[in-house]
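The sequence and the structure are shown first.

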Amino acid sequence: MVGTIASNLQSVRSRIDAAARRAGRDPSQVRLIAVSKTFGADHVRAAWAAGQRDFGENKVQEALQKIGESADMEIRWHLIGHLQSNKARKAAGAFACIHSVDSVDLLRKLDAAALETQAAPEVLVQVDLAREDTKFGAATDEARRIVDAAQTVQAVRLTGLMLIPPWNDDQEQTRPWFTQLRELRDRWLGDGVPHASLAHLSMGMSHDFEAAVEEGATMVRVGTAIFGKRDKL
């Protein structure tokens, strides 16, 4: 397992590097997040041994157990799944970055929790451009309200936007969604939103991260291409 994960990581990093260079970008601008959801701490250790430092989890409770089991390693944990507001306190203190803020109320609860726990997580606004019933995320207007509200918070730090586009095996079909998110970010920057608040675009997964990088992703969330297929729960 250790050798397979190391080999997979090297392959993914090479593909990110090539995609960035095709777009005239510096590959170091792209952060690879290894999505370890449903995999055990042994898989995290194998990836860490291969140099991986950023890991993503979908569920707070599963992540907290894994964080405890890997406390001896220096890891940046990312929450990439939907966050219920009643778990804001646990999340604020556990994650370096929370990618799934989708309401002003959740933003404020995270900020209050971060103040209470003396944490300072980065947060991203999850934007739902396709308005899919099965997906979480804020519509564009609500996303802008969250971005504006984030200029007044005290502990959390807004650093960008996140997107989960409609699923398609063909990354050329998901590319337009990545383009839309980049253009939305650029429009808001033009409106005067501070660059630090929109520095990151978290978009792209195992099946489409190369297109995402070519369209400006600064964070890609890759699980299957690193750890293999998950057992269906």
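For the classes used below, Ala, Val, Leu, Ile, Met, Phe, Trp, Tyr, Cys and Pro count as nonpolar, Asp, Glu, Lys and Arg count as charged, and the others, Gly among them, count as polar. The structure is a predicted model.

With those classes, the lining of the largest pocket divides into 8 nonpolar, 10 polar and 8 charged residues. The space in this largest pocket comes to about 920 Å³. It is lined by 26 residues, of which K37, N58, I164, M205 and R230 are the closest to the centre of the pocket.

Helix α3 spans residues 60-69, and its buried residues are V60, A63, K66 and I67. When the helix is seen down its axis, these buried residues fall within an arc of 125°, so they line one face of α3. The face turned away from that buried side carries the exposed residues Q65 and G68. As for what covers the buried residues of α3, the cover includes two helices and two strands, namely α2 (41-49), α4 (88-94), β2 (54-57) and β3 (76-79).

In strand β6, which runs over residues 157-163, lies T159. Is T159 buried or exposed? T159 counts as buried because its relative accessibility is 8%, and the cut-off for that class is under 20%. The side chain of T159 makes a polar contact of 3.2 Å with the side chain of E122. Leaving aside residues up to four places away in sequence, T159 touches E122, V123 and L124, and also A196, S197, L198, A199 and H200.

Most residues other than glycine have a negative phi. Against that background, Q118 has a positive phi although it is not a glycine, and the phi of R131, likewise not a glycine, is positive as well.

| Residue | Phi | Loop |
|---|---|---|
| Q118 | about 55° | between α5 (104-117) and β5 (122-127) |
| R131 | about 55° | between β5 and α6 (140-149) |

For Q118, the relative accessible area is 76%, and because the class of exposed residues begins over 50%, Q118 counts as exposed.

Conventions
Residues numbered from 1 in each chain as written. Predicted model: local features only at pLDDT ≥ 70, side-chain atom pairs only at ≥ 80, totals over all residues. Heavy atoms only, no water. Helix = DSSP H or I, 4+ residues; strand = E, 2+ residues; numbered from the N terminus. Buried < 20%, exposed > 50% of the residue type's maximum accessible area, 1.4 Å probe, protein only. Polar contact = N/O pair within 3.5 Å; in protein donor to acceptor, adjacent residues only side chain to side chain. Contact = heavy atoms within 4.5 Å. Arc of directions from axis to C-beta. 1 Å grid on protein atoms, 1.4 Å probe; cavity = no way out; pocket = protein on both sides within 12 Å on 5 of 7 lines; lining within 4 Å. Points joined across faces, edges and corners; volume = space filled by probe spheres on them.
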